[in-house]
Amino acid sequence: MVQEISSSYLPGEIEARWYRVWEERGYFSAWPNPERQPYTIMIPLPNVTGALHMGHGLGHTIQDFYTRRARMMGYETLWQPGTDHAGIATQVLVEKELTNEGVDRRSLGREAFVERVWEWKRRYGGRILEQMRRLGDSCDWERERFTMDEGLSLAVRTAFVRWFDDGLIYRGNRIINWCPRCMTAISDIEVDHEDIAGELVTFRYKLAPAPGVAEDESAVESGTGDIAVATTRIETMLGDSGVVVHPDDERYKTMVGKTVVHPFFPERVMPIVADDAVDPEFGTGAVKATPAHDPLDFEIGQRHGLEQINILDGRAHLNDRAGRWRGQDRYEARRSVLEELRGRGLVDAIERPYVHSVGHCSRCGTEIEPWLSEQWFVRMKSLAEPAIEAVRDGRVTLVPERFVKSYISWMENIRDWCISRQLWWGHRIPVWYCDDCGEVFAALEDPVECRKCSSEGIRQDEDVLDTWFSSQLWPFSTLGWPEETEDLDYFYPTTLMATGYDILYLWVARMIAAGLYFMGDVPFREVFLHGIVRDFEGKKMSKSIGNVVDPLDMVERYGADALRFSLGFATVPGNDTNISEERIEGARNFANKLWNASRFVFLSIGDERPGLPELAALDDEDRWILSRLDHTIEEIGRDLDSYNLAEAMRSLYSFVWSEYCDWYIELAKLKLTGPKSEGTKGVLVFVLDNILRLLHPAMPFITEELYSRLHGEDHSIMRAKWPGPPGLRDAGAEQRIDRFMDLVTALRRLRADHGIPPATKMPVLVAPGRYRDELAGMKAALVALAKLESLEVVDAFPSSPDRAQTITGAGMEASVALGDVVDVGAESERLHRRIAAAGEDMELAERKLSNGQFTAKAPAAVVDKERAKLAEARAARDKLQAQLEALTRH
Ligand SMILES: [Zn+2]
Ligand SMILES: [Zn+2]
């Protein structure tokens, strides 16, 4: 039974071995089981093109934590894995591959291109799933799904057709984010906003002559001849169809209702309208309206009936509506339109550089063009209403609660969802057009003829669906929907959705709306919203700053358990998680501490596996550690139920490191050879067994390895029970051991303060006050843990001058004759030296702080740091001086 146990923990070999065993034994599988309650987590599906980053590390730590804990609690637990086909991301990646081979996707043709993407997916699409195994993710791999596999494709079509037939999907001309390189509409989250140094041009539109007044008289008649507007995209003035001012703006009161003339298209007469959406503080307070090229102008234009003049083609080149600018690209036109306006004396000012935020395609970096185009949309209002209600009435709980308000306000103001993408990779929109009778219809299966006139002259829409159309169905499409499966019946609604708060609107909200519509019930009961992972100083991780911590590197260096524990240790719902290599290293040290403590227990018990003895037979320290375990289990349970992982990890860490390892094991060592050794062993094993089970969800590998050594290879910790409080509270024992620990700590401090070397055994007098009896029982343990030569219990200390004294919180006093344990001469010399050094530190800081230049110019944080240094040095000096006085009092 006794196996060799290495003197340090080596994660690499242990992790690979156990992961294989778990998979082989089918521990990750879940089946509908009427005897148990289900517990289901749907993975926020990673992109098929993805590589594991620290954000996944955090998300997966949380999901695997709750998955493993639920399994131990006896739930039928499903963690559903899979990947997203990630339309534009994947298409751009394969396009780049083709470009390197000198091939353009258009010359390849749609079918061959899509086949090429599938080939890529078959070859590389599993990479991130392999990486997830390194973290210890206990997903049910047999259920792995892909958003374009057969079943999920059927779900997508079913959902589309149902919404289409229910009138929730329509085609319309709207402003969307357009990437002129990818030649597709993209969603808001695919747009990166970056500040660029552009220009702000202020130019003037001349008022149109009033009817019946000669042109040269108009300026006189209206009192003012023109109106100035400002823009960062001067070329868009070619598509202007109006000028807008705020209704309360006195400057323009008389102009509202009048018209201006376009300098390049004299036949275009544009009204001046008043609208609340205009910010009177910006620029001149009057703005040009380009309804086809700006989302706000589009809305204003609809309210006032302004013409939509689309001047760009899909490549962002000027089209026929741009007159003689036709064919120029947008940047060229930006220069030449400005030149032309200046030539006509219409430009008032050019501010350059003018720094402003501009959207870029997150896939290829091209500047986004807000573009009016014909797209498919989902009407969101009626879908959003029940989704608001579900959060308001608590059928879905958001953690932390502060997100409820922003969720509701976002959903109340939701815009229609543009679901069409001009891509080839994705779910093709199942809509057909009849060339003969004009019928437009959606169909579940590819039709061969028009459903209205039976003509065979029909063609399918060229576009594909936004990737998020399929991922909104994920909580039920993965379980077999639209079929009525046993899985769907059992696992839906799922239990927990753990995801980043950054996709609350984009994904979580849409899943709630879709779940209520298609399933008639919410997709999950609780949503744990975590933050993003930042570096230790709270900076966003980025390649350009060079502060990216790679999770796989960390697993390689410190083990998956260390990475997971350190992430859990820093995770509070709704907050970002700061991580550094030092933290992960700290968690590795914790794993080592646990390993060494377990090693000590194994060596002590040999082949025995003693059970927990009768409480009556146990000493105070045994009852104390059992009582502390009881508290810890209760606290952890409470923290985990409210998703406060950080607090739970902190309780566990301090219980294991300090109470179990540093105190209980040290006390146990004193008794393992004595008559009470059986009881001690029983307690050592009982507490260790509980610790391993409590730590398993955070540190699955090391706990499995140690558990199997404790109970045998056939007993997996994955099948063990999650601990509940064992009912072993003992307030009396806790108080007595607290006093004991206080006294040991006081004696250790006394030793440190007076430079008594750790190896020197010191004789000590203790005046225990009212704890005289209690102290008698603790004497041997005190002598051992505080490394004393002797301990004498007295009522009061003799009044010799060189005694150093200390007092505990409970009022017990201890005293040591310094002359007996230190070389007074050498020690006082050492103290003098250190006092001098502290004095120098103080002087240095004082000099800096008295320098007016420094305090005025240095950043506040630097000055504060200097003040702290001064305070620290002063405190150190005072303490050393007191020690010196105690030493040389005679
Ligand atoms: Zn692009
Ligand atoms: Zn027809």
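Mentor: What follows is a set of labels, each checked against its cut-off, for a predicted model.

Trainee: What makes the arrangement around the zinc ion (ligand 1) tetrahedral?

Mentor: The angles. The 4 donor atoms subtend 103 to 118°. Four donors count as tetrahedral if all angles lie between 85 and 135 degrees.

Trainee: How do you know which atoms are the donors of the zinc ion (ligand 1)?

Mentor: By distance. The cut-off for N, O and S atoms is 2.8 Å from the metal. Cys179 (SG), Cys182 (SG), Cys361 (SG) and Cys364 (SG) sit at 2.3 to 2.4 Å, so they qualify as donors. Their spacing along the chain is C-x2-C-x178-C-x2-C. The site links distant parts of the chain: Cys179 belongs to strand β5 (residues 169-179) and Cys361 to strand β13 (residues 347-361), 182 residues apart. Both Cys179 and Cys361 are buried.

Trainee: Why is Ser850 called exposed?

Mentor: Its relative accessible area is 60%. Exposed means over 50%, so Ser850 passes. Ser850 is found in helix α27 (residues 824-850). Its C-alpha atom is separated by 68 Å from that of Gly712, which is 138 residues away along the chain.

Trainee: How do you know that β5 and β6 pair?

Mentor: Count bridges. Pairing takes at least two. Here 3 bridges join the two strands, so β5 and β6 pair, and they run antiparallel. One residue to look at is Trp178, whose bridge partner in β6 is Ala185.

Trainee: What makes β6 and β16 edge strands?

Mentor: The open sheet has 4 strands in the order β6-β5-β14-β16, with antiparallel pairing. β6 (184-186) and β16 (417-418) each have a single partner strand, so one side of each lacks a neighbour in the sheet. Helix α7 (residues 150-165) lies across β5, β14 (369-378) and β16, at about 120° to β5.

Technical notes
Residues are numbered from 1 along each chain as its sequence is written. Chains are lettered from A and ligands numbered from 1 in the order in which they are written. This is a predicted model: local features need pLDDT of at least 70, side-chain atom pairs count only at pLDDT 80 or more; totals for chains, interfaces and linings use all residues. Side-chain values use heavy atoms; hydrogens and water are left out. Donors are N, O and S atoms within 2.8 Å of the metal (3.2 Å for Na, K and Ca); water is not among the atoms, so sites may look incomplete. Four donors count as tetrahedral if all angles lie between 85 and 135 degrees; four count as square planar and six as octahedral if opposite donors are over 155 degrees apart and all others between 65 and 115; anything else is irregular. Buried means under 20% relative accessible area, exposed over 50%, partly exposed in between (1.4 Å probe, protein chains only). Contact means heavy atoms within 4.5 Å. Axes are lines fitted to C-alpha atoms, for helices over the stretch in contact, and angles run from 0 to 180 degrees between N-to-C directions.
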